[in-house]
Protein chains: 2
Amino acid sequence: MNAPAVNRQWILARRPEGAVRPSDFRYQEAPVPAPAEGEVLVRTLYFGYDASQRIWLTEDGGYMPPVQIGEPMRTMGIGQVIASRDSAYAAGDLVEGFMSWQDCVLARADGPMPLRVLPKAQYPLSWNLGIFGVSGLTAYFGSTDGLKVKPGDVVVVSAATGATGSLVGGICKALGAKTVIAVAGGADKCRWVIESAGYDAAIDYKSEDIGQRLDELCPQGVDAYFDNVGGHMLDTLLLHMAPRGRILICGAMSSGYTDVKLKGPSNYMRICTHMLTVQGILLFFYRDRLAEGAAQLARWVAEGLLHVEQHVVEGFQRAPELLPTMFTGKSPGKLLLHVADPA
Amino acid sequence: MNAPAVNRQWILARRPEGAVRPSDFRYQEAPVPAPAEGEVLVRTLYFGYDASQRIWLTEDGGYMPPVQIGEPMRTMGIGQVIASRDSAYAAGDLVEGFMSWQDCVLARADGPMPLRVLPKAQYPLSWNLGIFGVSGLTAYFGSTDGLKVKPGDVVVVSAATGATGSLVGGICKALGAKTVIAVAGGADKCRWVIESAGYDAAIDYKSEDIGQRLDELCPQGVDAYFDNVGGHMLDTLLLHMAPRGRILICGAMSSGYTDVKLKGPSNYMRICTHMLTVQGILLFFYRDRLAEGAAQLARWVAEGLLHVEQHVVEGFQRAPELLPTMFTGKSPGKLLLHVADPA
């Protein structure tokens, strides 16, 4: 694979206030860089979309340094090595990890989260950003190590059609959960999670009273809640947890991540009075166990226990316009931008 | 021991709004009741003061049914059985558990939290409400099972002069914690926790910037935070937790417990980004392990590792006036009202 003639880039033009907009980014073309000793040059093939990209745009950035104005927008991506000056990578290697919205990125093997070389596999290359990427591995470690889902559990999952949520239902059923309940927006999505994503039941937060539906569906309370949205829904779930229930804080999408300071849950004293466990998850902390997680997910896919849903959009030019749809609504499953094919 | 001629009572006269006041209670005298089959009549000897008594006065009561208007105020207490129609208790037994502000209370052995018969012991009877009661056992199970304090940990404890907090420092040192830091109000209390309660350092929340002091005292972050106060302090601690740190939600005294809905922690997404574990504690869930906890606490007292501090006030008539001092400030250690002596 050869380097392109120019390096197209989507640059952060200004720090968004409130909801992120396509106009917060600026298109430019730059020379293709040459790798220095210890660096590799990677041609990007797919960009993955994650709600946490909005966090990377806030001033204090949360858990990573924020993307600076004038820098290409950070993304999880799949690429192919086109030139290597690091013995850990060879030209032609397919790799996954932190990249940015450009045709070509430079990377190093000695960073905290180096690009991982992808195994040869029968499944689509893009799955390495979805079920075998951040989304799927977060669903896996969040359900197993975080929530410790076990046979007989009643589990609730918010943002259940998201890249992570669409896998949590099947994972929890594979772990023996008795009932897995999705919270999703709209009748179509509520139908989809049951018909395609392995959920037993769904609550439409746009048209139903979540608390009332929880009373009907799980009068004994919720054993485990996989929280992707925070806000009002977290507050409602706190009132419906079974004694000694477990909550996983995976995201707070309802906030839009416009600030790292959020409205905290008003009912948080339920943590005390019902002796709940609230656990966070950040995949960084599982970096030594990612292969173990991917192997188990692959077994469940082979056994037909997990359904993989992707929504792939074509063309580098569309990179910025897809980001706001993470918060305003999109198709079920993992959202990806296809930029180029491997050589 | 004979029953008194009349049964003095402090009755809930009206549900407090905001801070609880002595005038929310009304004194009255009633006949001494006779136990029915399966009941025991208990003469009260000590009343313990707990911040959670304020929760029992809120309409939806939190984790127990609220005290109703016209009922004697609920309290943890020590008493002596003066008449028994239940084979589990004999006249003369000293007992501890849920009682109310009266000279004589009726109790049953078949409730969810029956009175426990106290062992003959060398230590003061009143310790059964402090170190060997709710306060000490919450400190023990909160530090061990909840926070999982281990050798080398940096631990922070709020309300560190309280009945529970004044024991957590010594317990965590006994468990091998490297540094145990108290948060307390005023120079006298900050001196007391270090000189008497086994703490290594103290932060005066009334005159010092908690965040700045935490940066100085534990630049690597806090491994375990025993939270008795919630509010602003919990929000500050969230910003100073080490990755994978643990927080115990034991109380939210800063709220005054005037409502079970509180201002939740704005920085709660740190739970996600630092992969924290937030655990609640309610002693009810340890009802099968209380003897184990008390035995370990007794060993540490015998080894000189724990200091027991009590503040005992005399006289039934003073029951209501002590309750507000739980929130407005009181002496270090366990606050008790002495009502009568055993026969």
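In chain B, helix α2 (residues 134-146) and helix α3 (residues 165-174) have axes that come within 9 Å and cross at roughly 40°. That angle makes α2(B) oblique to α3(B), since under 35 degrees counts as roughly parallel, over 145 as roughly antiparallel, 65 to 115 as roughly perpendicular and the rest as oblique. This is a predicted model, where local features need pLDDT of at least 70, side-chain atom pairs count only at pLDDT 80 or more, and totals for chains, interfaces and linings use all residues. Residues are numbered from 1 along each chain as its sequence is written, while chains are lettered from A and ligands numbered from 1 in the order in which they are written.

**The helix pair**
- The crossing of α2(B) and α3(B) is right-handed (the near helix is turned clockwise from the far one by less than a right angle).
- On the α2(B) side, G136(B), A139(B), Y140(B) and S143(B) make the contact, and they meet L167(B), V168(B), I171(B) and C172(B) of α3(B); contact takes C-beta atoms, placed from the backbone, within 7 Å.
- Helices here are DSSP runs of H or I with at least four residues, and strands are runs of E with at least two.

**The sheet**
- An open sheet of 12 strands, with mixed pairing, runs from β10(A) through β13(A) and β13(B) to β10(B); strands pair if DSSP finds at least two bridges between them.
- Its edge strands are β10 (201-204) of chain A and β10 (201-204) of chain B, each pairing on one side only.
- Where the chains join, three bridges link β13 (residues 277-280) of chain A to β13(B), and these strands run antiparallel.

**How the copies meet**
- Turning chain B by 180° with 0.0 Å of shift along the axis superposes it on chain A, at RMSD 0.0 Å (least squares on C-alpha atoms with pLDDT of at least 70 in both).
- The two copies are thus related as by a two-fold rotation axis.
- 30 residues of chain B are in contact with 30 of chain A.
- β13(B) gives the largest share of chain B's side, four residues.
- 100% of the interface residues of chain B are also interface residues in chain A, so the copies meet through the same surface.

Note on methods:
Two residues are in contact if their C-beta atoms, placed from the backbone, lie within 7 Å. Axes are lines fitted to C-alpha atoms, for helices over the stretch in contact, and angles run from 0 to 180 degrees between N-to-C directions.
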